[in-house]
Amino acid sequence: AGRVAGTLPAPISPGVASQVLDPRWVMILSGFGIALILLGAATWLLRAGARRHRSHAAMPTWACAFAGQTARMQYTASSFSASLLEAFPALATPARVRQAGEFRTIPGDRVLRALVAPLWRQVRAAALALRPLQQGRVTTYLQYLVWVVLLLLGYLSLASPAGSR
């Protein structure tokens, strides 16, 4: 028990405690903390009251500083993307639909058409070809495991150098 008590830190002497916990500093910091809490609460209450009494004036929707806009002049996703699609023709070939009061672009995705779709078709064909191997029987899966382990052991025994046998 004496060895354990020797490892504990020494208690704080009364002189040190009075310097650390000076009552004047405790009072000053407590008053400062209370004042901050009261100031925050007052600010929150004033803002909540201002939000409640704020009136919303009826105004027209913002229309790029032009109030006489018609449906034909409205911006659409096609109108924003048209310049990007024209800047990068190697990535997308947009088909444009221009009719009275309508402008649309229908982008053709070359990456999807030339890379992703053929790759997906090959993966799908391989998965369909391997589907009969998955029959849902535990004994079949255990047989697969035993055969793979035996094949790997055979490969390791044949591939090892002649001097290590």
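Residues are numbered from 1 along each chain as its sequence is written. In this predicted model, local features need pLDDT of at least 70 and side-chain atom pairs count only at pLDDT 80 or more, while totals for chains, interfaces and linings use all residues.

The protein chain has six helices and two strands. Here helices (H or I, at least four residues) and strands (E, at least two) are DSSP runs, numbered from the N terminus. Read from that end, the order of elements is α-α-α-α-β-β-α-α. Some of these elements are listed below.

| Element | Residues |
|---|---|
| Helix H3 | residues 23-53 |
| Strand S1 | residues 92-99 |
| Strand S2 | residues 102-109 |
| Helix H6 | residues 138-159 |

Helix H3 spans 45 Å from its first C-alpha to its last, close to the expected 45 Å at 1.5 Å a residue. The expected span is 1.5 Å times one less than the number of residues in the helix. Of the 31 residues in H3, two are buried. Buried means under 20% relative accessible area, exposed over 50%, and partly exposed in between (1.4 Å probe, protein chains only). In the protein chain, 8% of the 165 residues count as buried.

Strands S1 and S2 run antiparallel and are joined by eight bridges; two strands pair if DSSP finds at least two bridges between them. Proline 94 has proline 107 in S2 as its bridge partner. The two strands form a hairpin with two residues between them, and glycine 101 in the turn has a positive phi of about 80 degrees.

Valine 138 lies in helix H6 and is exposed, with a relative accessible area of 60%. Val138 also belongs to a nonpolar surface patch of about 1,100 Å², whose members include Leu142, Leu145, Trp147 and Tyr155.

Definitions and conventions: Heavy atoms only, no water. Patch = residues over 30% accessible without salt bridge, like charges linked within 9 Å, V, L, I, M, F, W, Y side chains within 5 Å. Areas by Shrake-Rupley, 256 points an atom, 1.4 Å probe, with all protein chains shown as cover. Salt bridge = Lys/Arg side-chain N within 4 Å of Asp/Glu carboxyl O.
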